Amino acid sequence: MSRGSEETVAKKRVLFVNRSYWPDAEATGQLLTDLCESLVDRFDVSVLCGQPNSNPTGEAYRKGGTQTRRGVTIHRLNHTRFDKRGGWRRAVNLVSFTLAARRWLRMTRGGRGGSGGVGHYDAIVSETDPFLLPIVVAPHAKRVGAVFIAYLQDIYPDIAIGLGKAKPGFVTDQIRDSLRQAYQTAEQLIVLSPAMRTQLIRWGLPAAKLSVIPNWVDCEAIRPIKRNNPFRERHGWADSFIVMHSGNMGLSQRLECLVQCVDSHAFPAHAKLVLVGGGAEEGRLREQASRLGRRADVHFLPYQPREKLSESLSAADLHVISVDPRIGGSMMPSKLYGILASATPTLAVADPQSDLSAVISEHRIGRVAPVHDPHGIAQCIAEMASLEVSEQSAMQRRARSLAESQYDRSICVSQFADALGRSLMTAGTLEAYEASAG
């Protein structure tokens, strides 16, 4: 086929469904924004999304209806946005967006082979914010003849059960059964780590449908700034050992042990704990920090604008990723990749058998600390703070190299684009075969 004839071939239309999208500062929204904007050269990309929970830069956006940004068509829905610190409020928000998405999908019934209007999509990709979305998206995709792909950032209800926020029983069994049925209709299931893949195989889902594509970082956008770091200088931390947690402060992080470790005699005298971001647990963590003997060495800062992430991430001497060991197989923290790109070592407070711990240990880019043990965490921090400058520098170089070689945006998005293309090709081949057989 000549180049001219290739250019006349219409791009396949793909719809992503997820609550969080630009300008939301939450990680899932930023990652989906990166993905969609990177796919527009190969596909005609649309997003069905909701309202941002955090918009630190105050970017203007259309709060309802349709707009186009960087080649992506954005359909934004209205829904409730109660404070997430209340359990019932979170549940109402979850259901509200799910129902809004279902209404929108029912209004746009066109599928493969349709007229090319708003409702005509060749593939529909459902993420898991909120986790009920696949239950809504899967039957719609089947109804309109679109390829259905499930893209899991986490696995519910397993996370809720693991955290003790839901009890095993009839309700959670029904939710899992409904999600399993939705996933079984998918052309492909994309997860973030080998452990997540293993967990879904235990659900009874076919291994052949499960692909592992990790989240990523844009290594051009996030670069190490270790000398004369403006973020450190603004806060007067030039001579301190900065231990940082950057991102969501939620139930799954168990950050109370990290805060408590500051009062351990093992916590270095020149160290400070900096928590950047926000979330449902922020208020409780602030109150806990206010009772510490070394409360002056704990600092809370808001989410940083994306264009300032190189400064804020690089300002740390050690980043902490804390994951409740009960849910290690149900998610993979995406904050790891930005940390690697900033050339900063990582302290994993996680199950030593988890995928996160394995990456850190295998590539020698940090340490794995015992969970639920503030003194043990403090001892690991002290060990990292006492490393020779040469070893700290070598660890920084290994972190950056790993980001560039395995987790750069261009690499992972290319993997996703190829997986999406294969799914569309497989479905198209089957469709052609069925048409010829008919």
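Predicted model: local features only at pLDDT ≥ 70, side-chain atom pairs only at ≥ 80, totals over all residues.
Colleague: What makes aspartate 218 and arginine 409 a salt bridge?

Modeller: The closest N and O atoms of aspartate 218 and arginine 409 are 3.5 Å apart. The cut-off is within 4 Å, so the pair counts as a salt bridge. The structure holds 29 salt bridges.

Colleague: Where in the chain do aspartate 218 and arginine 409 lie?

Modeller: They link distant parts of the chain, 191 residues apart. Aspartate 218 is in the loop between β8 (210-212) and α8 (230-235). Arginine 409 is in helix α16 (residues 409-437).

Colleague: Why is arginine 409 called buried, and what is aspartate 218 called?

Modeller: Arginine 409 has 17% relative accessibility. Buried means under 20%, so arginine 409 qualifies. Aspartate 218 has a relative accessible area of 23%. That value falls between 20% and 50%, so aspartate 218 is partly exposed.

Colleague: How do you know that arginine 232 and aspartate 317 form a salt bridge?

Modeller: The N to O distance between their side chains is 2.9 Å. The limit is 4 Å, so arginine 232 and aspartate 317 meet in a salt bridge. This pair also links distant parts of the chain, 85 residues apart. Arginine 232 is in helix α8, and aspartate 317 is in the loop between α11 (309-314) and β12 (318-322).

Colleague: Are arginine 232 and aspartate 317 buried, partly exposed or exposed?

Modeller: Arginine 232 has 10% relative accessibility. The cut-off for buried is under 20%, so arginine 232 is buried. Aspartate 317 has a relative accessible area of 27%. It lies between the 20% and 50% limits, so aspartate 317 is partly exposed.

Colleague: What makes arginine 294 and aspartate 297 a salt bridge?

Modeller: Their closest N and O atoms are 2.9 Å apart. With a 4 Å limit, arginine 294 and aspartate 297 therefore form a salt bridge. Arginine 294, at 21% relative accessibility, counts as partly exposed. Aspartate 297, at 14%, counts as buried.

Colleague: Why is aspartate 158 called buried, and which residues is it in contact with?

Modeller: Aspartate 158 has 14% relative accessibility. That is under 20%, so aspartate 158 counts as buried. Leaving aside neighbours within four places in sequence, aspartate 158 is in contact with Arg176, Gln199, Trp203 and Ser330.

Colleague: What makes β7 and β8 a pair?

Modeller: Three bridges join β7 (residues 188-191) to β8. The requirement is at least two, so these strands pair, and they run parallel. Leucine 210 in β8 is the bridge partner of leucine 189. Both strands are in an open sheet of eight strands, ordered β3-β4-β2-β1-β5-β6-β7-β8, with mixed pairing. Its edge strands are β3 (65-69) and β8.

Colleague: Why is asparagine 228 called exposed?

Modeller: Asparagine 228 has a relative accessible area of 66%. Exposed means over 50%, so asparagine 228 qualifies. Asparagine 228 is in the loop between β8 and α8. From alanine 315, asparagine 228 is 87 residues apart in sequence and 9.4 Å apart in space, C-alpha to C-alpha.

Note on methods. Residues numbered from 1 in each chain as written. Heavy atoms only, no water. Helix = DSSP H or I, 4+ residues; strand = E, 2+ residues; numbered from the N terminus. Buried < 20%, exposed > 50% of the residue type's maximum accessible area, 1.4 Å probe, protein only. Contact = heavy atoms within 4.5 Å.
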